[in-house]
Amino acid sequence: MDYMGNAAWWDERFKNRPLHIMEHEQRLEEDLSFFKSRKTILDVACGDGRNAIYLARLGFEVRAVDFSIEALRRLNHFALEEKLNIQTEFVDLSENGFTNSAQTYDGIMINHYRLPKNLYVNLMDFLNPGGILWVNGFKKMPKDNPNVKESDLLYDEDFEMIKFYHLIDKKEYQYNNQEFVRYIWGK
Ligand SMILES: C[S@@+](CC[C@H](N)C(=O)[O-])C[C@H]1O[C@@H](n2cnc3c(N)ncnc32)[C@H](O)[C@@H]1O
């Protein structure tokens, strides 16, 4: 997982990105019905916030965590510009857990970040009863993105330690000739 866990690599990447918000994850939009009647969302490894901003515009209260200072700086800039209710927090997921806040959430989303499987149990502690965990990512190596590694792909085994929770839905799908998988777990 050379580039993925390398904060300096991500800072450089976000620094060189034009200062506008990227399109949100299409799958998230298609899954909005799963988020209905939920209010508070934790966006884990949020990047510069394309999904956090999308949900905040829809009225969700979002906390967004990442270890890239540049990503969080951009997200704060975009949120300020649009007066959106997004709390950002610097968190290195490989070191100090998910958030220093004791808050719990109605929904937790992880998009294109493969969380080490032993951390899912702790993550579920931040979910309110009835809440959902939404995880989306590559199922197969994308042909046009040399950065993505085998170790970044999502597998059913990633969730073996939270099997006692309820798998509400699993979807394998194609988008732009790439293969993805999305899991929704319920608490
Ligand atoms: C492929 S991007 C996905 C960003 C966002 N979820 C999206 O869908 O646009 C992966 C993100 O994971 C973050 N990341 C990688 N390793 C991390 C770690 N150990 N702790 C926190 N964030 C990390 C990177 O900074 C980057 O923003």
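This is a predicted model: local features need pLDDT of at least 70, side-chain atom pairs count only at pLDDT 80 or more; totals for chains, interfaces and linings use all residues.
Visitor: Where does a positive phi occur in a residue other than glycine?

Guide: There are two cases to look at, Ala45 and His112. Ala45 has a phi near 60° and sits in the loop between strand 1 and helix 4. His112 also has a positive phi, near 60°, and its place is the loop between strand 4 and helix 6.

Visitor: Is Ala45 buried or exposed?

Guide: The cut-off for buried is under 20% relative accessible area. Ala45 counts as buried because its relative accessibility is 17%. His112, with a relative accessible area of 27%, is partly exposed.

Visitor: How many residues of helix 4 are buried?

Guide: The number is 7 of the 8, so helix 4 is largely enclosed by the rest of the structure. The buried residues are Arg50, Asn51, Ala52, Ile53, Tyr54, Leu55 and Ala56.

Visitor: What does helix 4 pack on?

Guide: Strands of a sheet pair through backbone hydrogen bonds, either parallel or antiparallel. Here the sheet is open, with 7 strands in the order 3-2-1-4-5-7-6 and mixed pairing. Strand 3 (86-90) and strand 6 (166-175) are its edges, each pairing on one side only. From one strand to the next, the twist averages 15°. Helix 4 (residues 50-57) packs on this sheet and touches strand 1, strand 2, strand 3 and strand 4 (105-111). Its direction makes about 145° with that of strand 4.

Visitor: Which strands does helix 5 lie across?

Guide: Helix 5 (residues 69-81) lies across strand 2 and strand 3, and runs at about 165° to strand 3.

Visitor: How does helix 5 cross helix 1?

Guide: For a pair of helices, read the axis distance, the crossing angle and then the residues in contact. The axes of helix 1 (residues 7-15) and helix 5 come within 7 Å, crossing at roughly 35°. On the helix 1 side the contact uses Asp11, Phe14 and Lys15; on the helix 5 side it uses Ile69, Glu70, Ala71 and Arg74. By class, these residues are 3 nonpolar, no polar and 4 charged.

Visitor: Take Ala71 from that list. Which residues does Ala71 touch?

Guide: Leaving out residues up to four places away in sequence, Ala71 touches Asp11, Phe14, Gly47 and Asp48. Ala71 counts as buried because its relative accessible area is 0%. By contrast, take a pair given as a C-alpha distance: Ala71 and Glu25 are 46 residues apart along the chain, and their C-alpha atoms are separated by 17 Å.

Visitor: How many residues has the largest nonpolar core?

Guide: In soluble globular proteins, nonpolar side chains tend to be buried together. In this model the largest nonpolar core has 38 residues, and those with the most contacts inside it are Ile108, Ile110, Tyr120, Leu123 and Leu133. Helix 1, strand 1, strand 4, helix 6 (120-124), strand 5 (127-138) and strand 7 (178-186) each supply at least two of its residues.

Visitor: Which residues is Leu123 in contact with?

Guide: Neighbours within four places in sequence aside, Leu123 is in contact with Leu42, Val44, Phe98, Ile108, Ile110, Leu115 and Leu133.

Visitor: What about the chain as a whole: how many helices and strands are there?

Guide: The chain has 6 helices and 7 strands. From the N terminus on, the elements run α-α-α-β-α-β-α-β-β-α-β-β-β.

Definitions and conventions: Residues are numbered from 1 along each chain as its sequence is written. Side-chain values use heavy atoms; hydrogens and water are left out. Two strands pair if DSSP finds at least two bridges between them. Helices (H or I, at least four residues) and strands (E, at least two) are DSSP runs, numbered from the N terminus. Axes are lines fitted to C-alpha atoms, for helices over the stretch in contact, and angles run from 0 to 180 degrees between N-to-C directions. Contact means heavy atoms within 4.5 Å. Ala, Val, Leu, Ile, Met, Phe, Trp, Tyr, Cys and Pro count as nonpolar, Asp, Glu, Lys and Arg as charged, and the others, Gly among them, as polar. A nonpolar core is a set of buried Ala, Val, Leu, Ile, Met, Phe, Trp, Tyr and Cys residues joined through side-chain atoms within 4.5 Å. Buried means under 20% relative accessible area, exposed over 50%, partly exposed in between (1.4 Å probe, protein chains only).
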